[in-house]
Amino acid sequence: MQTGSQHGYPRPQLQRAQWTSLNGRWRFRFDDEACLNCPAEVADWPLEITVPFPPESKASGIGDRGFHHACWYEREFECKPGRDRVILRFGAIDYSARVWVNGQLAVTHEGGHTPFWADITEMLRPDGVQTVTVRAEDDPFDLTKPRGKQDWQLEPHSIWYPRTTGIWQTVWFERVPTTYIDKIRWTPRLEGFALGFEARIEGVAGDEASLELELRAGDRLLARDRYRVVDGEVDRYVVLSDPGIDDFRNELLWSPERPTLIDARLRLWLKGEMVDEVQSYTALRSATVLRDRFMLNGRPYVLRMVLDQGYWPDTLLAAPDDEALKRDVELAKEMGFNGVRKHQKIEDPRYLYWADKLGLLVWEEMPSAYRFTRTAIKRTIREWTEAIDRDYSHPCIIVWVPFNESWGVPELPSVQAHRHAVEALYHLTKTLDQSRAVIGNDGWESSATDIIGIHDYDSNLDHIRQRYGPEVETEQLFDRRRPGGRVLTLDGYPHQGQPIMLTEFGGITYQTHTEEGVKKVWGYTEISDPETFARHYEALLETIVNTALFSGFCYTQFADTFQEANGLLHADRSPKIPLERIRKVTSRSRTYIPGAA
């Protein structure tokens, strides 16, 4: 394998042996007036940048957090033309991108969190020295684009963070045969002990193409089949041998406690010759809702999650390296959580790989636009659709969340168009993926949703008990109690028995040192010493865990993020109190099932 990168294979569920990373040093320049339109107009390159780190980050070598409307990148790379096709791939560029290869426009893309690619075979120079040029446009003041937590003010304030402009995930290319495996999609169907498998073949497959599939769990062969490619597609269910008894079944099922992955090898055959081979993986698991409970693999499962912003001090939205993504998954588990709510970010696929491999549930949430316009909704729909397509096959993902706290749809109780937007995204998501739960709008003002998510940062434990305790009827909660001053459900959408979860709470600020560049910290509740911080966390978790109304929770938050210093960890991921102490109280919910006597 040819990597040249510390960021790992960028597409973990469809891996080829040969690929080349283009991360590293690129020529760079800002284009603050956005007046340059093609590579020929770029007269000079005054800066160098380290890709994939955004120019606002220290790790990029630039560290400029000013307002920049557009920027340009360029570098050479070695790639000699041959019989194969050459595909140039970008993990993510914020926000819109145009890419040229040897002066020829190769591809354009809009959407700051999703991948795109171009077949550049016909653009290659015969001598093997190729030039790629990228223009990224990211208007810092545009609130109609999905931007998540990226601030529109010069200095980060409140719960908003520094901007990320341009390339922030791996750039790479791979060689593929003229007919090749282009896409793979996995759908576990636990009730039939089967795996849905879809493959798309690019190129001229003809009538004689077939796809060989081999599935293994460790050294154990589960299936080896061969399917005829019809119209460039293979779409099958692979039924596995079902042992029937839970003890034996559980050995093959995926869960945070036992993250069993099924390795897949796919070989494409054409006229008796193997022309392409890729590695993938999947898992057998179900994630559903039954009445007032979340169900994992057909059994009630209490979600113990932590909110994770996915930022690092020196690299911003980009991860420092693959080890940093792995370590974040490990730390969440070491603190006793079985899941994370990735907040306002479509996370790097390598994080999802480690969550799959190590066993951590993930709620995936669409980064918000903040104005309600037709442009904002069209942009959100397009990028959200691409995100679901990219991440559909990851077993760790159990819930999709298109909107958070009515951001981008601020008048849900009174404006019908805002309500229609949430309902449309809910139903679109359910159409694209029938296997997972969807929360239309997390936090409050719920309409179309499979789970009622409540955000409540009240630090008074008596208030929490009075608001959600056993003496409170569910109807009373939705009719009278209004955390955050918002109604929990909209008119016409009464609670219909869905699970109720406290999906944001806590926000306790305790800081031992100020991060570089942070002038003033922010949080919901401020604590001045570690013992008080630990006791407050323990008391709060004890209260939430023992609240029968909740079938899951999500604590705010995983790590300090710039001025928002309410993490269980510092921004450098060092713990504020011993991890074992955090784990002890977080894990108590494992023995608790809502509704049990």
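**Close-up 1. Helices α6 and α8 are roughly parallel to each other, because their axes cross at roughly 5°, and angles under 35 degrees count as roughly parallel.** The model shown here and in the other views is predicted. Helix α6 covers residues 461–468 and helix α8 covers residues 530–545, and their axes come within 10 Å. From α6, the residues L461, I464 and R465 meet A539, L540, T543 and I544 of α8. Sorted by class, this contact of α6 with α8 has five nonpolar residues, one polar and one charged.

**Close-up 2. Helix α4 packs against helix α5 at an angle of about 20°.** That angle makes α4 roughly parallel to α5. Helix α4 runs over residues 374–391 and helix α5 over residues 416–432, with their axes 11 Å apart. The crossing of α4 past α5 is right-handed. On the α4 side, I377, I381, W384, T385 and I388 take part, and they meet A421, L425, L428, T429 and L432 in α5. The contact of α4 with α5 divides into eight nonpolar residues, two polar and no charged.

**Close-up 3. The largest pocket has a volume of about 870 Å³.** It is lined by 32 residues, and the closest to the pocket's centre are R11, P115, K183, D389 and R390. Two or more lining residues come from each of these elements: strands β5 (85–90), β9 (116–119), β13 (180–189) and β14 (194–202), and helices α3 (349–358) and α4. By class, the lining of the largest pocket has 13 charged residues, 11 nonpolar and eight polar.

Terms used:
Residues are numbered from 1 along each chain as its sequence is written. This is a predicted model: local features need pLDDT of at least 70, side-chain atom pairs count only at pLDDT 80 or more; totals for chains, interfaces and linings use all residues. Side-chain values use heavy atoms; hydrogens and water are left out. Axes are lines fitted to C-alpha atoms, for helices over the stretch in contact, and angles run from 0 to 180 degrees between N-to-C directions. Helices (H or I, at least four residues) and strands (E, at least two) are DSSP runs, numbered from the N terminus. Angles under 35 degrees count as roughly parallel, over 145 as roughly antiparallel, 65 to 115 as roughly perpendicular and the rest as oblique. A crossing is left-handed if the near helix is turned anticlockwise from the far one by less than a right angle, and right-handed if clockwise. Contact means heavy atoms within 4.5 Å. Ala, Val, Leu, Ile, Met, Phe, Trp, Tyr, Cys and Pro count as nonpolar, Asp, Glu, Lys and Arg as charged, and the others, Gly among them, as polar. On a 1 Å grid over the protein atoms alone, a cavity is a set of points where a 1.4 Å probe fits but cannot get out, and a pocket is an open set with protein on both sides within 12 Å along at least five of seven lines; lining residues have an atom within 4 Å of a point. Grid points are joined across faces, edges and corners, and a volume is the space filled by probe spheres set on the points.
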